[in-house]
Amino acid sequence: MRDIAVIGVGYVGLVTGACFADLGNRVVCLDINEEKIKGLKQGIMPIYEPGLEELVTRNVRAGRLTFTTSYTEALREAEFAFIAVGTPEGVDGEADLRYVRMAAQSIANVLDHPLIIVNKSTVPVGTGDWVADIVRAHMTNEVPFSVVSCPEFLREGSAISDFMHPSRVVLGSVDRKAAEQVAQLHLPLRTTIMITDLRTAEMVKYASNAFLAARISFINEIANICEALGADVKEVATGMGYDPRIGPAFLDAGIGYGGSCFPKDVKALAHMASTHGRHPQLLHAVIEINNDQRRQVVWKLHEILGNLQDKTVGLLGLAFKPNTDDMREAPSITIARYLLAEGAQVRAYDPVAMENGARELPEVQMMPDPYTLSEGCDALVVVTEWNEFKNLDLTRIREAMRQPVLVDGRNIYDPAIAQAMGFIYRGVGRGYNGEGPHKKA
Ligand code: UDX
């Protein structure tokens, strides 16, 4: 059993804290947001993540997991302090490090025994050194400390399983012994542990996310070419994925990537490159293609419906992906705003993200279920591929709609079946029924 403090109770922090507690450690999770900590003490989760509430409750009951807003309390026994605070997008795509700075200063203010500071937040390359400088500058007691970078690769919706079964653990530090201690903490996960230098570990995170984002933009570009040539991108991706050098994952064409990581990290990497005299052409293209994928939905609606003024469009899904209520950088926001700007009436249904959605999109009318949503609609757009949308009674939906237009932004329906049911169907890179390129109206 080791003593761990986790700073920040967002996705990364809360999952990290609860999982380390579940592995038998004593964990204190800290956040400066009193509401969140008050809620957690009463068993109320600040985020929706499958399995998290049960994991937190179990470990709180076992006495291994506690919550506080006090750095003194969090660090009293801690051997490790994980920084897992937000690094939102700042000006020009540059990461905003104010919360990391606050955490480093607060740690330094109360530090009175040796500590290993582990940075889990996604931070620009070089931030580990900067954190060490801040701690050194603000220390009130001269005690030894080290900084280790341990980037987090978990995905929302499968965060606990990703933490418990990681593809790898990457650690970076100038202090090899400190990195080895952090490696020890991860031994129960039985995975590959790589130890490298601080900046390289920080770069692994950006390079991995940028590569995955590039895969998505690549397949989306192929989808657009498929649309022009009458091929089916889903089949193309399957055919490509059989090549072990390519693999099948992350080749789902759609309305583009969203969420708290990919959009922000690709921009931050491009910004880091540009400010160091490099020209990240590929990264710019990845971003541009991703922006276009959202516009494509509106272009497709135009092509079929003409003017969108006073047309009613229903969005099936709001969250940036299924199994989360997260609306950060969700394509639904951009798409809804484009539609509203064109004078359309926009309504939406999402199984868990409507509360967050309503905050982002107050002009969008939230509906209680997909069937009520479709009543009187001129078009439906599949924005999030929730499982519950895959087996909808499409006949009932079509009959409820004013016009049977279905834009499937996640390719969840079979184009031939949807068309046979009387829908004017548009997928992404598929579904033109042998007509070749979609015709301009
Ligand atoms: C991502 C990374 O996967 C994770 O390693 C990192 O720590 C944080 O960022 P997350 O944002 O939770 O995780 O979601 P992920 O499942 O990776 O999907 C990201 C976005 O890409 C979603 O908007 C999703 O819809 C989109 N996506 C994903 C595609 O459009 N096509 C795909 O083939 C895969």
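The backbone nitrogen of arginine 2 lies 3.1 Å from a polar atom of the side chain of asparagine 25, and a polar atom of that side chain also lies 2.9 Å from the backbone oxygen of phenylalanine 20. Polar contacts are here pairs of N or O atoms within 3.5 Å, where within protein one atom must be able to donate a hydrogen and the other to accept it, and where residues adjacent in sequence count only if both atoms are side-chain atoms. The model is predicted, so that local features need pLDDT of at least 70 and side-chain atom pairs count only at pLDDT 80 or more, whereas totals for chains, interfaces and linings use all residues. Residues are numbered from 1 along each chain as its sequence is written, and side-chain values use heavy atoms, with hydrogens and water left out.

Asparagine 25 is located in the loop between helix H1 (11-22) and strand S2 (26-30); helices (H or I, at least four residues) and strands (E, at least two) are DSSP runs numbered from the N terminus. With a relative accessible area of 7%, asparagine 25 is buried, a term that denotes under 20% relative accessible area, against over 50% for exposed and in between for partly exposed (1.4 Å probe, protein chains only). Leaving out residues up to four places away in sequence, asparagine 25 touches Met1, Arg2, Ile4, Phe20, Arg64 and Leu185, contact meaning heavy atoms within 4.5 Å.

An open sheet of six strands, with parallel pairing, has the order S11-S10-S9-S12-S13-S14. Strands S11 (365-366) and S14 (424-426) stand at the edges, and because each has a single partner strand, one side of each is left without a neighbour in the sheet. Pairing requires that DSSP find at least two bridges between two strands. Three bridges join S13 (residues 405-408) to S14 in parallel, with valine 405 opposite isoleucine 424. Helix H12 (residues 281-305) packs on the sheet, touching S9 (312-316), S12 (379-382), S13 and S14, and its direction makes about 160 degrees with that of S13. Helix H13 (residues 331-341) also packs on the sheet, where it touches S9 and S10 (345-349), its direction making about 180 degrees with that of S9; axes are lines fitted to C-alpha atoms, for helices over the stretch in contact, and angles run from 0 to 180 degrees between N-to-C directions.

Strands S9 and S10 pair in the parallel sense over five bridges, and leucine 316 stands opposite tyrosine 349 in S10. Five of the five residues of S9 are buried, so this strand is largely enclosed by the rest of the structure. Thr312, Gly314 and Leu316 point one way from S9, while Val313 and Leu315 point the other way.

In the largest nonpolar core, which has 48 residues, Leu301, Leu315, Leu339 and Tyr413 touch the most other members; such a core is a set of buried Ala, Val, Leu, Ile, Met, Phe, Trp, Tyr and Cys residues joined through side-chain atoms within 4.5 Å. Elements giving two or more residues to this core include H12, S9, H13 and S10. Leaving aside neighbours within four places in sequence, leucine 339 is in contact with Val298, Leu301, Leu308, Val313, Leu315, Ala344 and Val346. Another core, of 40 residues, lies apart from the largest one and has Val6, Cys19, Met45 and Val118 among its residues.

At the ligand, a polar side-chain atom of lysine 205 lies 3.0 Å from a ligand oxygen atom, and a backbone N or O atom of aspartate 252 lies 2.8 Å from an oxygen atom of the ligand.
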